[in-house]
Amino acid sequence: MQYELRTQVIEPQRKTFDHLVARFGDRPASRYEEGSFDIQARENLHYRPLWDPTKEIYDESFSVLRLTDPYSFTDPRQYYYAPYVTSRAAMSDAFGSTLTYLESRGLLERLPDAWKDLVAQLVIPLRHYESGAQLISTAAARFGFGTTITQCAAYAAFDRIGNAQLISRLGIALDGGTAGLLEDAKQSWLEDEALQGLRKLVEETIVEQDWALALIALDVTDQLLFRVLFAHLDDAAITGGAPAYSLAAQHLTEWFKDQRRWLDALYKTWTSDPELGAANAEILTSTVTGAVDRAVAALRPLAARADALVGAGAV
């Protein structure tokens, strides 16, 4: 008896979900589109929040920055759960490999004393800055409107905890496998004069009621902080006999480049909105101007401490 194997193609009855057909037309949707578009809760919300009964529990008016269509913004990275987790696993593995190399070659122990002090006094306490940034990003994920925006904020919140863990691992490695530096870093975050401006700024941003304005304030601070500690000082470390610092800093620099992609796209979407773009641009201008002034004032003592330690011209 002989058998003949044939391939039979069964055409699907429909190519995607009805709400995606209404938005994109009758074509197959990508995984990103299926997991991102038009799934924001809009109806049958049942009750208003007791702490603000003027709003629905999910409400566009939680921010003064609005979009005519919340889904006009798309993540240029096209992240949904699977590619996001894959990307961050690779980042974690890469940092783990770098840390293993630094420890195996004793490069952390060979850091000049001034650079060890810089890491201990300025970098390790930033695990608490990242924790504050996680709360700000979580608020944006909760109060933002439109899943393409809120999922980016949620992923950013996870990233900030990952950054805090990365910095913690560096502190433990620098301290020979103990948590002494982490305990000292907490006290520095609470008491060191060079960090109090930044701490105050983070705490004020956490309690900002407008999720978008808080996100902008955090981003402005990030841009200055990462530029000073993980770009400018990275260059100084290479010429200053501290290559271990440069090897560790590159991972935070690479993460920040990825973070910038969705935020820059969001700014562009806000300002190019056909109906609300002009109003959004005006709000962004005033918000960023004030945020820059506050961030510069908060970070100047930190930069001065860095200059006092390694003379890198951070101010």
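User: Are R260 and D219 buried or exposed?

Analyst: Both R260 and D219 are buried, where buried means under 20% relative accessible area, exposed over 50% and partly exposed in between (1.4 Å probe, protein chains only). This is a predicted model, in which local features need pLDDT of at least 70 and side-chain atom pairs count only at pLDDT 80 or more, while totals for chains, interfaces and linings use all residues. Residues are numbered from 1 along each chain as its sequence is written, and side-chain values use heavy atoms, with hydrogens and water left out.

User: What do R260 and D219 form with each other?

Analyst: Side chains of opposite charge can pair when their charged atoms come close. Here R260 and D219 form a salt bridge, with the closest N and O atoms 2.4 Å apart; the term means a side-chain nitrogen of Lys or Arg within 4 Å of a carboxyl oxygen of Asp or Glu. This pair links distant parts of the chain, since R260 is in helix α10 and D219 in helix α9 (residues 211-239), 41 residues apart. Helices are DSSP runs (H or I, at least four residues), numbered from the N terminus.

User: How many salt bridges does the structure hold, and which residues are linked in a network?

Analyst: There are 18 salt bridges. D75, R77, R88, D159 and D258 are linked in a network of them. Take D258, which is buried at a relative accessible area of 10%. Its side chain meets that of R77 in a salt bridge (2.8 Å, N to O), and the two are 181 residues apart, with D258 in helix α10 and R77 in the loop between α2 and α3. R77 counts as buried too, at 10% relative accessibility. D258 also meets R88 in a salt bridge (2.7 Å, N to O). Because R88 lies in helix α3 and D258 in helix α10, that pair ties together parts 170 residues apart in sequence.

User: How do I check a helix such as α3, and which of its residues are buried?

Analyst: An α-helix has 3.6 residues a turn, so residues three or four places apart point the same way. Helix α3 (residues 81-104) has 24 residues and should span 34 Å at 1.5 Å a residue; its end C-alpha atoms are 34 Å apart, which agrees. The expected span is 1.5 Å times one less than the number of residues. The buried residues of α3 are Y84, S87, R88, F95, G96, T98, L99 and L102, and what covers them includes α6 and α10 (243-271). After α3 comes G106, with a positive phi near 65 degrees.

User: Now the rings: how many aromatic pairs are there?

Analyst: The structure holds 15 aromatic pairs. Rings of Phe, Tyr and Trp (its six-membered ring) pair if their centres lie within 6.5 Å; planes under 30 degrees apart count as stacked, over 60 as edge-to-face and the rest as tilted. Y32 and F37 are edge-to-face, because their ring centres are 6.0 Å apart and their planes at 90 degrees. F37 and Y71 are tilted, with centres 5.8 Å apart and planes at 35 degrees. Both F37 and Y71 are buried.

User: Which cluster do ring pairs make?

Analyst: Ring pairs link F24, Y32, F37 and Y71 into a cluster.

Definitions and conventions
Contact means heavy atoms within 4.5 Å.
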